[in-house]
Amino acid sequence: LDTLAALAEGPCRGHEIYFIVGADAFSEIHTWHRAPELLRRFHFAVTLRGSQQAEDVIATLGRTLPPLDSSIRVAMAGEGRAKVADSEWEIRFVPVTHLDISATQIRRAIRSGGSSRYLLPREVELFIIRRRLYRGNA
């Protein structure tokens, strides 16, 4: 919240700011520090992978947010969009291609002498190579 507020009041003043987050994490927003304030102050872009559906995420919020703050209501507002009631803030749902790869798998491949090519941006790959990261004590 503090980072988003600083961006909104500083270098991003006058621009729409979206907090980009995966559906799994967003479905747990009721556990976040100052979650009601986040929902009332910022737009969200929620990424959906595989069979995840926007309606399921909104249904989860409908069950988990009222105990936290009964005044927050979120509802679908068209395909791929939801609105936080009584506010200008929206939640956009963005389907993304799921790549069956994880940071743990990448580190494991590097540690065993494998390549991270095509798994990371080139700059990140070079950073890891130069600093010999994830190679153990070698």
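Glu125 counts as buried, at 7% relative accessibility. Buried means under 20% relative accessible area, exposed means over 50%, and partly exposed lies in between (1.4 Å probe, protein chains only). This is a predicted model: local features need pLDDT of at least 70, side-chain atom pairs count only at pLDDT 80 or more, and totals for chains, interfaces and linings use all residues. Residues are numbered from 1 along each chain as its sequence is written, and side-chain values use heavy atoms, with hydrogens and water left out.

The side chain of Glu125 meets that of Arg122 in a salt bridge, 2.7 Å from N to O. The term requires a side-chain nitrogen of Lys or Arg within 4 Å of a carboxyl oxygen of Asp or Glu. Arg122 is partly exposed, with a relative accessible area of 48%. Both residues lie in helix 6 (residues 122-130), three residues apart, about one turn of the helix. Helices (H or I, at least four residues) and strands (E, at least two) are DSSP runs, numbered from the N terminus.

How many salt bridges does the structure hold? There are ten. Side chains of opposite charge can pair when their charged atoms come close. Arg49 pairs with Asp24, the closest N and O atoms being 3.2 Å apart. This bridge links distant parts of the chain: Arg49 sits in strand 2 (residues 43-49), Asp24 in helix 2 (residues 23-26), 25 residues apart. Arg49 is partly exposed at 36% relative accessible area. Asp24 is partly exposed too, at 48%.

Arg81 and Glu90 form another bridge, with their closest N and O atoms 3.2 Å apart. Here Arg81 is partly exposed, at 31%, whereas Glu90 is buried, at 8%. Elsewhere, salt bridges link Asp2, Glu9, Arg34, Glu37 and Arg41 in a network.

Next comes a polar contact. The side chains of Thr64 and His30 are joined at 3.5 Å. Such a contact is a pair of N or O atoms within 3.5 Å; within protein, one must be able to donate a hydrogen and the other to accept it, and residues adjacent in sequence count only if both atoms are side-chain atoms. Thr64 lies in helix 4 (residues 54-64). Leaving aside neighbours within four places in sequence, Thr64 is in contact (heavy atoms within 4.5 Å) with Ser27 and His30.

Now the rings. Those of Phe, Tyr and Trp (its six-membered ring) pair if their centres lie within 6.5 Å; planes under 30 degrees apart count as stacked, over 60 as edge-to-face and the rest as tilted. The count comes to three aromatic pairs. Phe19 and Phe44 are stacked, because their ring centres are 5.3 Å apart and their planes at 15°. Phe19 lies in strand 1 (residues 18-22) and Phe44 in strand 2, so the pair ties together parts 25 residues apart in sequence. Phe19 is partly exposed, at 24%; Phe44 is buried, at 0%. Phe26 and Phe44 have ring centres 5.0 Å apart and planes at 50°, so this pair is tilted. Phe26 belongs to helix 2 and Phe44 to strand 2, 18 residues apart. Phe26 is buried, at 0%. Phe19, Phe26, Trp32 and Phe44 form one aromatic cluster.

Finally, the surface. Leu99 is exposed, with a relative accessible area of 60%. Leu99 lies in the loop between strand 5 (90-96) and helix 5 (103-111).
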